[in-house]
Amino acid sequence: MIIILMSNPKEIIPNRDAIDAVATLYDQYNDERTVSKRFGISVTLVKKYVKFSRLPKLIQDNLSQIHHEPKTAINLALDAADALNYSVGDDGNEKKVFELAKRLRSEEHTSELQSHVRISYAVFC
């Protein structure tokens, strides 16, 4: 049984079993649409889960060090992997991907903080 936790219907937070099941079914059928229909999730989400399942264990097992929100941590990890052109078996780059994901978190936090400051300033003016 696969469980995908939903705190908000628009925000799906996957558990590890769900990601593995999606990736396994994708490996079997090699078709995002088939997997999408089977699990009732979007093709975009299927692609994201499959891509995440291909990331090194270092990143998968340490998402909480990237960001406290699992969904955000996954997105940051995938962004870092894309930026460094990470591919499966590229063991030399896994630490670089992990470090970049953490740096992206810092940049995201700085950007959010700047946004809040601008909003606060606009409210006071």
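**A tour of the salt bridges**

Start by selecting Asp20 and Arg16: their side chains meet in a salt bridge, 2.8 Å from N to O. The term salt bridge means a side-chain nitrogen of Lys or Arg within 4 Å of a carboxyl oxygen of Asp or Glu. Before you go on, note that this is a predicted model, where local features need pLDDT of at least 70, side-chain atom pairs count only at pLDDT 80 or more, and totals for chains, interfaces and linings use all residues. Residues are numbered from 1 along each chain as its sequence is written, and side-chain values use heavy atoms, with hydrogens and water left out.

Now show helix H1 (residues 16-29): Asp20 and Arg16 both sit there, four residues apart, about one turn of the helix. Helices (H or I, at least four residues) are DSSP runs, numbered from the N terminus.

Next, pick Asp82 and Lys51, whose side chains form a salt bridge of 2.5 Å, N to O. This pair links distant parts of the chain, with Asp82 in helix H6 (residues 70-83) and Lys51 in helix H3 (residues 43-53), 31 residues apart. Asp82 is partly exposed at 40%, and Lys51 is partly exposed at 36%.

Last stop: select Lys102 and Glu99, joined by a salt bridge of 3.4 Å, N to O. They are three residues apart in helix H7 (residues 94-124), so about one helical turn separates them.

Technical notes
Helices (H or I, at least four residues) and strands (E, at least two) are DSSP runs, numbered from the N terminus. Buried means under 20% relative accessible area, exposed over 50%, partly exposed in between (1.4 Å probe, protein chains only).
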